[in-house]
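Here is a short report on one structure. Keep the sequence and the 3D view open while you read.

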Amino acid sequence: MIINHPLLGPRDAAEFTYLGDASLIDRPDGMADNALPAFIDYGYLRDNNAGEHRELWFHEQGDRSWLVVTRHTVTHEITNVELASDVARKRGRSK
Amino acid sequence: MPKLHAVSPLGYTTPHKDTVGAYAISEVTDWAMASVTARKDCGAAVKTILTKILKQPAPEVGGYCAGEIEAFWTGQSQWMLAAAFDEYEDIVASFAGIFKGKASLTEQTDGWCRFAITGPDLDRLCSLLCNIDMRGLTAGKASRTSIEHIGCFVLRSADDNMQIIGPRSSAGSLHHAIYTAAKSAPF
Amino acid sequence: MLAGAMRAYANRWATAVGDRIAIFANNDDAHRTAHDLHQLGVEIAAVIDSRPEAPKSDNFEVLAASEVVNTHGRLGINSIDVKTPQGLRQIQVSALGVSGGWNPNIHLTCHQRGRPEWDAALSAFVPSSDLPKALYVAGAANGKMTTAAAMQDAVTTAMKIAKDCGLKPKSLAVPKTSDESASVTPFWYVTGTERGWVDQQNDVTVKDIKLAHQENFRSVEHLKRYTTLGMATDQGKTSNVLGLAIMAHTAGQSIRETGTTIYRPPYSPTAIGVLAGRSRDMDFRPIRKTPSHKWAEEQGAVFVEVGMWYRAQWFPRAGETHWRQSVDREVETTRASVGVCDVTTLGKIDVQGADAAAFLNKIYCNGFAKLDVGKTRYGLMLREDGIAMDDGAAARLAEDHFVVTTTTANAVGVYRHMEFARQVLWPDMDVQLISTTESWAQYAVAGPNARNLLRKIVDATFDISNEAFPFMACGAITVCGGVRARLFRISFSGELAYEIAVPSRYGDAMIRALVAAGEDFGGCAYGTEALGVMRIEKGHAAGNELNGTTTALNLGMGRMVSTQKDSIGAVLSRRDGLTGDDALKLVGLKPCRTSDPVPAGSHLMTKGSPIDAKHDQGYVTSACYSPTLGHHIAIGFLKSGDQRLGEIVRLVSPLTNIEHDVEVVSAHFVDPEGDKLRA
């Protein structure tokens, strides 16, 4: 499998480490009143679809970027690769 | 008080050198090295400072600038900066002033072993070692990759000259891998 | 054997597999095999064809509407029994070839989970019509079983590919070939025999498949796993369709309804050595050596592999014949005077930036914002699910600069986790990370004489007195006349202790200098075993305790999890299931009879309770012989353990027949008040 890194171009998947569903970007606020149920959903509930899946990969043997890879779980076809920091900012994450 | 004598990553008092057929594999120990990572929103400013230090444009993504002081790109707004050990042993202190808090500098000198490899057909030699696209790694390019499970940087300064920088603790294993690959020539 | 194999041996390698051969078949192509063998001078005893309309031959006997029902011979075949319409016949043969017709090579079309479809006319599976993008199949693989049909299909498919690529191909002539007959009539198995072999590699018989059906393993996936049908090196190439047909027949359904399993790579059996290449023996993976490795080898150290690292376990001296003698001496020497240990393998991560302290507040469950510059603090890192992930010490070298240590085993994972937090969770924090594990050779110097030893090494301009450099202090210093170094006053052993770091190129010289300086005090080097003994004596958690199931509360550090800030794992660590009154707590254990061991892995039972999983009260995680106390000790987890100090519990290990009493005590066997650390 080849991952088309947004900065470095096509790289062998062996250089990357897989984490999981990109929904891990949306970490709840730990100080909020509903923090406990929110974290249980965040930690344990995942969609398990046969089809397009957005997921987090780390370019460990490369530039150490976290990436959001859109991959088809049946064919492994990769249709989009973004820097996770860009995606996170777009989803409202800051500091 | 005892005097501390330095040893090379391979454990020698002077840098080790091997000749394998047409290849020379030499341990390089006379560089000091520091990582330079731009602080938040300082990427452009740090590139300007690097350009001033290198006296040539700072390396872009995947780039490597050879010279008396050299640098290669390692990640977003992150570079390795290397300079002569004798002059810059405390490399972070040497450059901290010029970066004026716009970058985080971390000493990397002894974290790595560095092998200079000269000889013909380096693309094919390197293809035995790692999976990077060597034809794309032309002079002035650098890439991080994995060689026999060892995370390394591969720098290309000329068609027949490249440097492999790997973790110091695995210097022996990395040297063995390069040496074995060189022995496979002609491929 | 397969008739096709006989043909290949004869035509390609000029090898006859026997001098008198019979062929048992249900298709025309097998007659070609008989014909080829005959042409090459092999005697054909008979062709037994299950079909009434079998082709005739002038060169050999063809028995139509017949079946081979038995074979005779041991370690070889002597004769076969053939059931013909005229009755049973015995035929002398030296080999029997069997042929059920050809299956298209559909394997590649399955690699992305394409489901093959049953072609009744062909009695075989053909590629699914729903092929992956840009995959085209032509020829026999596509069910075109004669040369002429394959040529036609190739031309048609090539045209289609060209058109799909946006080209306008010229029409191509189809090469002329003979169109030999490929007629086949399904014949799946011989009835009325004791055993009919289906999978010749895994010895699966018709009887096995019927048994699978009887036991309700009827789906193809279950059939395969119950019988091992198609699981040998040929991956079912010769047996799958046969097995499925028998299952379909037994279940009274069609083969289409029964379906088929699919294939994954490799298509051809591949020797593991081909995949391994040079990665074998000592080249299987790289070795990581510490800066003191060469020196340790000279001392005759016994090494242990920790991940890829080689660490000195202990340093045997003359006269020591058992590892315990060496380890006990190293512990006793360190506690009595001073010991030196290479701790370079601990992960070190440089954390800088205006938000460095705020970032560590997110990463660690305890607070870091108020840590003074020049001080070190123990930090506990949780996974987001509230389980302890790793621990270490973070030293604040400047307002915006920390160096964080991780355990040896988790260095890579912790760095990855911190990059995740930095890039993904809090992308706008001003924080920069980089590993510096290998840049520094780091040595622990521990024992009452640690400071005295260091005074011989640290340049006199640096005051390392207890007042100037107290417990948990850190700072940049120089050693041996100007070599840059870092000094941390931290202790894993429970002794007055320091860790001193120099650039790795000086690491070899530094260990020699430290050990030589220690000799004046009767000190020694110690290895990872003595390190382990001393940390158990002190009750410090390590990998055995941070085992992926334990929380800060279990580790006795529940109050460290700050409620004043949002750190990773804090919320889920407070879940009901993890915080019950009977939660496991870290305790010390000592044997009631001092000669008894307290082995790790043993379980703890309340005295008098039944010894079973239901009544389990906890387990032992780390154990050792304590030379300081003169008996075995252990630490482990016990339900409500913090409230059970002084209780006698039952230590059991049914596997090794151990069962005896141990006392629950504080995990801090040595110096519980920490006076030595601060001396």
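## Chain A

How many helices and strands does the secondary structure of chain A come to? There are two helices and six strands. This is a predicted model. Along the sequence, the elements of chain A run β-β-β-α-β-β-β-α. Trace that pattern in the view, strand by strand and helix by helix.

The C-alpha trace of chain A spans about 45 × 30 × 20 Å along its principal axes. Chain A has 95 residues, and 29% of them are buried. Now take the contacts in chain A between residues at least 6 apart in sequence. Of these, 50% join residues at least 24 apart.

## Two domains in chain B

Turn to chain B. Its domain 1 takes in two stretches, 18-29 and 112-183. Domain 2 covers 32-110. The C-alpha centres of these two domains of chain B lie 22 Å apart.

Where do the domains touch? In chain B, 11 residues of domain 1 are in contact with 10 residues of domain 2. On the domain 1 side, two elements of chain B each give two or more residues: β9 (141-147) and β10 (150-158). By class, that domain 1 side has four nonpolar, three polar and four charged residues.

## Where chain B meets chain C

How many residues of chain B are in contact with chain C? The count is 30 residues of chain B, in contact with 31 residues of chain C. Three elements of chain B give two or more residues each to this side: β3 (31-38), β7 (103-107) and α5 (171-183).

What is the chain B side made of? By class, it has seven nonpolar, 15 polar and eight charged residues.

## Nonpolar cores

In soluble globular proteins, nonpolar side chains tend to be buried together. Here, the largest nonpolar core holds 131 residues. Which of them touch the most other members? They are C:Leu360, C:Tyr443, C:Val445, C:Met510 and C:Leu514.

Zoom in on C:Tyr443. Leave out residues up to four places away in sequence. C:Tyr443 then touches C:Val340, C:Cys341, C:Asp342, C:Val343, C:Glu499, C:Ile500, C:Met510, C:Ile511 and C:Leu514. A second, separate core has 56 residues. Its members include B:Phe72, B:Trp73, B:Phe99 and B:Ala182.

Technical notes
Residues numbered from 1 in each chain as written. Chains lettered and ligands numbered in written order. Predicted model: local features only at pLDDT ≥ 70, side-chain atom pairs only at ≥ 80, totals over all residues. Helix = DSSP H or I, 4+ residues; strand = E, 2+ residues; numbered from the N terminus. Buried ≥ 20, exposed ≤ 12 C-beta atoms within 10 Å, placed from the backbone. Contact = placed C-beta atoms within 7 Å. Nonpolar A, V, L, I, M, F, W, Y, C, P; charged D, E, K, R; others polar. Domains from an automatic or database assignment. Core = buried A, V, L, I, M, F, W, Y, C linked by C-beta atoms within 7 Å.
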